[in-house]
Amino acid sequence: MDAVTAAKDLQELGVNYTQEQLDQIKQAEEQRLRQRRMEREAKKREQLAELYEDCDGRFAFIAGYTDGGAPYGVMWEEVGIDPGLPFEEKVKLYHMQVLG
């Protein structure tokens, strides 16, 4: 339950609020929701950054590296993604496939 709904419920029970108090409650709730959205977006960015570690322009997933340092793994074509797409778009498409 959010603070605005709680305040409305309390008003129905007879608690009186000034308009200033209601405005403050509404602003506080909006700020809380903005903060939660920012936290979710930051978490998504962090997850994407982790996802970029295992891929490059040639590979959708880098499984490892040879002794000489060459990457090997699953190529973009093998997962049905056009290798000519911009890198970020390929990564997003790939991880949409993987995460469902």
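Trainee: Why is Trp-76 called buried?
Mentor: In this predicted model, Trp-76 has a relative accessible area of 0%, and because the term applies to anything under 20%, Trp-76 counts as buried.

Trainee: What makes Tyr-94 count as buried, given its relative accessibility?
Mentor: The relative accessibility of Tyr-94 is 12%, which is again under the 20% cut-off, so Tyr-94 is classed as buried as well.

Trainee: How many aromatic pairs does a search of the whole structure find?
Mentor: One aromatic pair turns up when the whole structure is searched, and it is formed by Trp-76 and Tyr-94.

Trainee: What makes Trp-76 and Tyr-94 an aromatic pair, and which geometry does it have?
Mentor: The ring centres are 6.1 Å apart, and since pairing asks for centres within 6.5 Å, the two rings qualify as a pair.

Trainee: How do you know that the pair links distant parts of the chain?
Mentor: Trp-76 sits in the loop between β2 and α3 (87-99), whereas Tyr-94 belongs to helix α3, with 18 residues separating the two.

Trainee: Which residues does Tyr-94 touch, leaving out those up to four places away in sequence?
Mentor: With those left out, Tyr-94 touches Ala-60, Phe-61, Trp-76, Val-79 and Ile-81. The largest nonpolar core consists of six residues, namely Cys-55, Ala-60, Trp-76, Ile-81, Val-91 and Tyr-94.

Trainee: What makes strands β1 and β2 joined, and how do they run?
Mentor: Five bridges connect β1 (residues 59-65) with β2 (residues 71-75), and because two bridges are already enough for strands to pair, these two are a pair, running antiparallel. Across from Gly-64 stands Tyr-72 in β2, while Tyr-65 faces Pro-71 of that strand. Five residues lie between the strands of this hairpin, in which Gly-69 adopts a positive phi near 95°.

Trainee: Why is the contact of Glu-29 with Arg-32 called a salt bridge?
Mentor: The closest N and O atoms of Glu-29 and Arg-32 are 2.5 Å apart, and because the limit for a side-chain nitrogen of Arg and a carboxyl oxygen of Glu is 4 Å, the name salt bridge applies. One salt bridge is what the structure holds. Both residues lie in helix α2, three residues apart, or about one turn of the helix.

Notes:
Residues numbered from 1 in each chain as written. Predicted model: local features only at pLDDT ≥ 70, side-chain atom pairs only at ≥ 80, totals over all residues. Heavy atoms only, no water. Core = buried A, V, L, I, M, F, W, Y, C linked by side-chain atoms within 4.5 Å. Buried < 20%, exposed > 50% of the residue type's maximum accessible area, 1.4 Å probe, protein only. Contact = heavy atoms within 4.5 Å. Helix = DSSP H or I, 4+ residues; strand = E, 2+ residues; numbered from the N terminus. Phe/Tyr/Trp six-rings, centres within 6.5 Å; stacked < 30°, edge-to-face > 60°.
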